[in-house]
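Biologist: Please show me the model. I have some questions about it.

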Amino acid sequence: MNSDLKDQRPFSLKKLLKSFRYAGQGIREAVKHEQNFRIHLMFSAVVISAGLILRVSAWEWIVILMLIGGMLSLELINTAVERVVDLVTENYHPLAKAAKDVSASAVLVYSILSVVVGLIIFLPRILAFFM
Ligand SMILES: Nc1ncnc2c1ncn2[C@@H]1O[C@H](COP(=O)(O)OP(=O)(O)OP(=O)(O)O)[C@@H](O)[C@H]1O
């Protein structure tokens with residue numbers, strides 16, 4: 001383990017900056033190797049563009065940004081679970097399957113509810129736009 005991260009001082013700027021750097025490396029890992037994370041990023045860009053074009057309210061922006069942040073964070077945690085499972089075993093194991101499937105389910109549940117909330121916010125505006 002990195003010695004800076006074991007630093008016991010109450011506050012260390014160096015340690016804080018290193019933890020940001022490691023977190024950035026985690027995001028790069030997901031962008032590079034996880035197709036689903038890239039899809040979520042593209043989808044987020046589309047939703048943000050739609051929010052700008054359709055002029056959603058401040059409260060709606062708060063909801064949209066929380067959904068996007070939650071979605072991307074869940075996808076990152078799902079990636080971490082996949083990596084840990086692969087580290088523990090490369091062989092077929094029912095518990096490995098359960099861990100990966102349940103982790104993926106968390107992403108699916110959040111995605112479905114995000115789409116529903118997105119439709120509640122955007123559908124009336126989209127309909128008004130074309131009528
Ligand atoms: N070691 C294992 N034992 C049993 N089942 C596994 C194992 N590894 C993967 N699986 C099954 O295969 C599915 C796909 O696993 P995989 O590691 O390819 O993840 P993925 O969802 O395709 O993610 P990635 O984006 O990394 O390809 C899992 O959801 C699980 O059902």
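Biologist: Which residues does V47 touch, not counting residues up to four places away in sequence?

Modeller: Two residues are in contact if their C-beta atoms, placed from the backbone, lie within 7 Å. Leave out residues up to four places away in sequence. V47 then touches I64, I68 and G118.

Biologist: What pLDDT do side-chain atom pairs need here?

Modeller: Residues are numbered from 1 along each chain as its sequence is written. This is a predicted model, where totals for chains, interfaces and linings use all residues, local features need pLDDT of at least 70, and side-chain atom pairs count only at pLDDT 80 or more.

Biologist: Which residues form the largest nonpolar core?

Modeller: A nonpolar core is a set of buried Ala, Val, Leu, Ile, Met, Phe, Trp, Tyr and Cys residues joined through C-beta atoms within 7 Å. Buried means 20 or more other C-beta atoms within 10 Å of a residue's own; 12 or fewer means exposed, and in between is partly exposed. The largest core has 6 residues: V47, I64, L67, M71, L74 and I121.

Biologist: Which helix gives the most to this core?

Modeller: Helices are DSSP runs of H or I with at least four residues, numbered from the N terminus. With 4 residues, the top contributor to the core is α3.

Biologist: Are α2 and α3 roughly parallel or antiparallel?

Modeller: Axes are lines fitted to C-alpha atoms over the stretch in contact, and angles run from 0 to 180 degrees between N-to-C directions. The axes of α2 (residues 35-53) and α3 (residues 58-88) come within 10 Å and cross at roughly 175 degrees. Angles under 35 degrees count as roughly parallel, over 145 as roughly antiparallel, 65 to 115 as roughly perpendicular and the rest as oblique. The crossing angle therefore makes the pair roughly antiparallel.

Biologist: Which residues of α2 make the contact with α3?

Modeller: The α3 side uses W61, I64, I68, M71, L72, E75 and T79. The α2 side uses N36, F37, H40, S44, V47 and G51.

Biologist: Is E75 buried or exposed?

Modeller: UniProt, in an unreviewed entry, places the feature "active site" at E75; such annotations may be inferred rather than shown by experiment. E75 sits in helix α3. It has 23 other C-beta atoms within 10 Å, so E75 is buried.

Biologist: At which residues does UniProt place the feature "binding site"?

Modeller: One of the two residues is in the loop between α1 (13-33) and α2. The other is in helix α3. The unreviewed UniProt entry names E34 and E82.

Biologist: Why do these two gather at one spot?

Modeller: E34 and E82 are each partly exposed, because each has 17 other C-beta atoms within 10 Å. They span 49 residues in sequence. Yet they gather at one spot, because no two of their C-alpha atoms are more than 10.6 Å apart.

Biologist: What is the phi of R55?

Modeller: Most residues other than glycine have a negative phi. R55, in the loop between α2 and α3, is exposed because it has 8 C-beta neighbours inside 10 Å. Its phi is positive, near 50 degrees.

Biologist: How far apart are the end C-alpha atoms of residues 61-81?

Modeller: The unreviewed UniProt entry lists residues 61-81 among its "transmembrane region" features. The span is 100% helix and 0% strand. Its end C-alpha atoms are separated by 30 Å.
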